[in-house]
Structure formats: C-alpha cells, structure tokens
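This briefing walks through one protein model by topic, from its overall architecture to its pocket and its side-chain contacts. Please keep the sequence and the coordinates open while reading.

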Amino acid sequence: MNEREEIIQLWFEMWLKQQDLGIDHIFTEDVIYTESWSPQYRSREAVKHWFEEWNTRGRVAVWDIKQFFHKENQTVAEWYFKNEMASGKTEEFDGISLVEWTAENQIKSLKEFGCNRSHYNPYESGDTPRFRDQQANWF
C-alpha cells in the first residue's frame, strides 16, 4: 500500500475513532475540503473545527474503502459510509473522494461525491419510466 492510500485510510480512521490522529500532518494549511452535499471548508483550521464539532453530534459507524485509483497528483477512493447521529437519524451511502496532493503528499483539495444506495429500475414495468415519489437525497 502506498503512502497516499495510508493517509486516506488514516483520515477515515480518525472519523471512526472520533480522534484527531494527525490532521495537521495530512492537510495543507490552505486545504479546500468539499462535502458531497455542498459544505466547503477552506483551511486546515476549518477542517479541524468541523471534525471536532461534528463528532459532538454523531459518530461514523462505518467508512470502508473499496478501492483506489491513482493518476499523477490525484487519487480517487471509492467507499461505503454510514453514520449514526445523536438525534437517532442514520445515513448511509456509497461515495468517492477525489484527492489532490502536494509534492510532499499532503492533501490540498478533497471533494466528496455521494450516491444513494436505494437503487431501482424506472423502466422495470415498461417503456415509460416510473420514478419513485420521494424526495431525492442531499447529494
């Protein structure tokens, strides 16, 4: 496993353990981190604040990496995510993280993209699509 994969795994492990195990080392000071549903954090200090504050309201129950893709200074990690909030709400979805690296293997940009796990075929009953009458998820 290469260093970049280990860094991404460490980031996910921090969420699972609800513990900062090296945010200062893995992110650049001016990192831009974009969540799949639009929030964006424009500094390492903002990422740290979000991490600490979010973990007071919930916990990440599962964040499993399925595979990695690497090209030059970018990595894509495909994953499955599930959280449990203090309110009792749980969320789970598939996703990817698009990571841009510095030459020193620090993350300077990370964008998350989510995919609903509740799949269906709208053409299952014929040529006219039948879409579910439900609100789309936030990503």
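Helices (H or I, at least four residues) and strands (E, at least two) are taken here as DSSP runs and are numbered from the N terminus. On that basis the protein holds 3 helices and 6 strands, and from the N terminus on its elements run α-α-β-β-α-β-β-β-β. The model is a predicted one, in which local features need pLDDT of at least 70 and side-chain atom pairs count only at pLDDT 80 or more, whereas totals for chains, interfaces and linings use all residues. Residues are numbered from 1 along each chain as its sequence is written, and side-chain values use heavy atoms, with hydrogens and water left out.

**Overall dimensions and burial**

- Taken along the principal axes, the C-alpha atoms of the protein fill a box of roughly 55 × 40 × 25 Å.
- Of the 139 residues in the protein, 37% are buried, where buried means under 20% relative accessible area, exposed means over 50%, and partly exposed lies in between (1.4 Å probe, protein chains only).

**The sheet**

- An open sheet is formed by 6 strands in the order S2-S1-S6-S5-S4-S3, with mixed pairing; two strands are said to pair if DSSP finds at least two bridges between them.
- Strand S2 (40–41) and S3 stand at the edges with a single partner strand each, so one side of each is left without a neighbour in the sheet.
- The pairing of S3 with S4 is antiparallel and runs over 12 bridges; among them, Gly 58 has Met 85 in S4 as its bridge partner, and Trp 63 has Phe 81 in S4.
- S3 and S4 also form a hairpin with 2 residues between them, and Glu 72 in the turn has a positive phi of about 50°.

**The largest pocket**

- The largest pocket has a volume of about 370 Å³, and 20 residues line it, of which Glu 35, Trp 37, Trp 54, Asn 83 and Glu 91 are the closest to its centre.
- For the pocket search, a 1 Å grid is laid over the protein atoms alone: a cavity is a set of points where a 1.4 Å probe fits but cannot get out, a pocket is an open set with protein on both sides within 12 Å along at least five of seven lines, and lining residues have an atom within 4 Å of a point.
- Grid points are joined across faces, edges and corners, and the volume is the space filled by probe spheres set on the points.
- Helix H3 (44–54), strand S3 (58–71), strand S4 (74–85) and strand S5 (90–101) each supply at least two residues of the lining, and the largest share, 4 residues, comes from S4.
- The lining divides into 13 nonpolar, 2 polar and 5 charged residues, where Ala, Val, Leu, Ile, Met, Phe, Trp, Tyr, Cys and Pro count as nonpolar, Asp, Glu, Lys and Arg as charged, and the others, Gly among them, as polar.

**Salt bridges**

- A search of the whole structure finds 10 salt bridges, each being a side-chain nitrogen of Lys or Arg within 4 Å of a carboxyl oxygen of Asp or Glu.
- One of them joins Asp 24 to Arg 44, with the closest N and O atoms 3.4 Å apart; Asp 24 lies in helix H2 (residues 23–26) and Arg 44 in helix H3, so this pair ties together parts that are 20 residues apart in sequence.
- Asp 24 also forms a salt bridge with Lys 48, at 3.2 Å between the closest N and O atoms, and this pair again links helix H2 to helix H3, 24 residues apart.
- Asp 24 is partly exposed at 37% relative accessibility, whereas Arg 44 is buried at 15% and Lys 48 is buried at 15%.
- Glu 92 and Arg 117 meet in a salt bridge at 4.0 Å, N to O; Glu 92 lies in strand S5 and Arg 117 in the segment after strand S6 (107–115), so the pair ties together parts that are 25 residues apart in sequence.

**Aromatic contacts**

- The structure holds 19 aromatic pairs, counted where rings of Phe, Tyr and Trp (its six-membered ring) have their centres within 6.5 Å, with planes under 30 degrees apart taken as stacked, over 60 as edge-to-face and the rest as tilted.
- Ring pairs link Trp 11, Trp 15, Phe 27, Tyr 33, Tyr 41, Trp 50, Phe 51 and Trp 54 into a cluster.
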